[in-house]
Amino acid sequence: MNWNKYPSIEGKHAFLSASQGSWINYSDEQLISSRESYMAKIEGTELHLLASMLIQKRIKVANYKKAFNMFVNDSIGFGMQSEQTLYFSENAFGTADAISFRDNELKIFDLKTGRIPVKTFRQLDIYAAYFCLEYGHNPHDILIEQRIYQGRGYLHQEANPDAIQNIMSKAIEFDKILTQLQE
């Protein structure tokens, strides 16, 4: 058999893929909603890439009350690192959108491009725990400022060191279990 070749789509997944076949049961409305969600994910990825490039090159954007603009400008203003991996183990790591640590103050900023408002700082708490594990800091000995940028502004909190310590303990415990299972 002489099979057709499609180099332009190698490594890609079709929206109506065989491996994600639940679409065969969709109504027209579900299909449209699913596509909108899919496109929003792509746009979010692109916006994160753009924000990261602007931060890395220290290019500020117009001073509008939009989360994207505020995130980029604040990250630059605080001299933050963009898209920084925080690594505890092969089982426990993540990438912070923007992070800095100086004068015993850890800042972690996250850009959310989705429409559903984020109400929890759990993701940022986990980043803080991974930071403390990787760089040997006790969360009780540092100040941890967290911001979630979304919509037309941001949510802000000072992290609870006890919560960070609990996440660190859980990550250590679960990493041991997962490592034993892998062996």
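This is a predicted model: local features need pLDDT of at least 70, side-chain atom pairs count only at pLDDT 80 or more; totals for chains, interfaces and linings use all residues.

Visitor: Is Y64 buried or exposed?

Guide: Y64 counts as exposed, because its relative accessibility is 54% and the cut-off for exposed is over 50%.

Visitor: And what does Y64 touch, leaving out residues up to four places away in sequence?

Guide: With those left out, Y64 touches N69 and M70. There's also a pairing across the sequence: Y64 and G153 are 89 residues apart along the chain, yet their C-alpha atoms are 9.8 Å apart in space.

Visitor: Back up to α1. Where does S52 lie?

Guide: S52 is in helix α1, which covers residues 28-57.

Visitor: Buried or exposed, that S52?

Guide: Buried: its relative accessible area is 8%, and anything under 20% counts as buried. Not counting residues up to four places away in sequence, S52 touches S82 and E83.

Visitor: Which other residues of α1 are buried?

Guide: Besides S52, the buried residues of α1 are G44, H48, A51, L54 and I55.

Visitor: How does the span of α1 compare with what its 30 residues should give?

Guide: It agrees. At 1.5 Å a residue α1 should span 44 Å, and its end C-alpha atoms are 44 Å apart. Just after α1, R58 takes a positive phi of about 60°.

Visitor: Okay, zooming out. How many helices and strands are in the protein?

Guide: Four helices and five strands. In sequence order the pattern is α-α-β-β-β-α-β-β-α. The radius of gyration is 20 Å, well over the 16 Å that the globule rule gives for 183 residues, so the protein is more spread out than a compact globule.

Visitor: What does the C-alpha trace span along its principal axes?

Guide: About 65 × 50 × 30 Å. Of the 183 residues, 32% count as buried.

Visitor: And contacts: what share join residues at least 24 apart?

Guide: Among contacts between residues at least 6 apart in sequence, 53% do.

Visitor: Last topic, the surface and the charges.

Guide: The accessible surface comes to about 12400 Å², with 53% of it belonging to carbon and sulfur atoms. As for charges, there are 19 positive and 22 negative ones, and their mean positions are 7 Å apart.

Terms used. Residues are numbered from 1 along each chain as its sequence is written. Side-chain values use heavy atoms; hydrogens and water are left out. Helices (H or I, at least four residues) and strands (E, at least two) are DSSP runs, numbered from the N terminus. Buried means under 20% relative accessible area, exposed over 50%, partly exposed in between (1.4 Å probe, protein chains only). Contact means heavy atoms within 4.5 Å. The expected span of a helix is 1.5 Å times one less than its number of residues. The radius of gyration is taken over C-alpha atoms; the globule rule is 2.2 Å times the number of residues to the power 0.38. Accessible areas come from the Shrake-Rupley method with a 1.4 Å probe; for residues, only the protein chains shown count as cover. Lys and Arg count as positive and Asp and Glu as negative; His and the chain ends are not counted. The place of a charge is taken as NZ of Lys, CZ of Arg, CG of Asp or CD of Glu.
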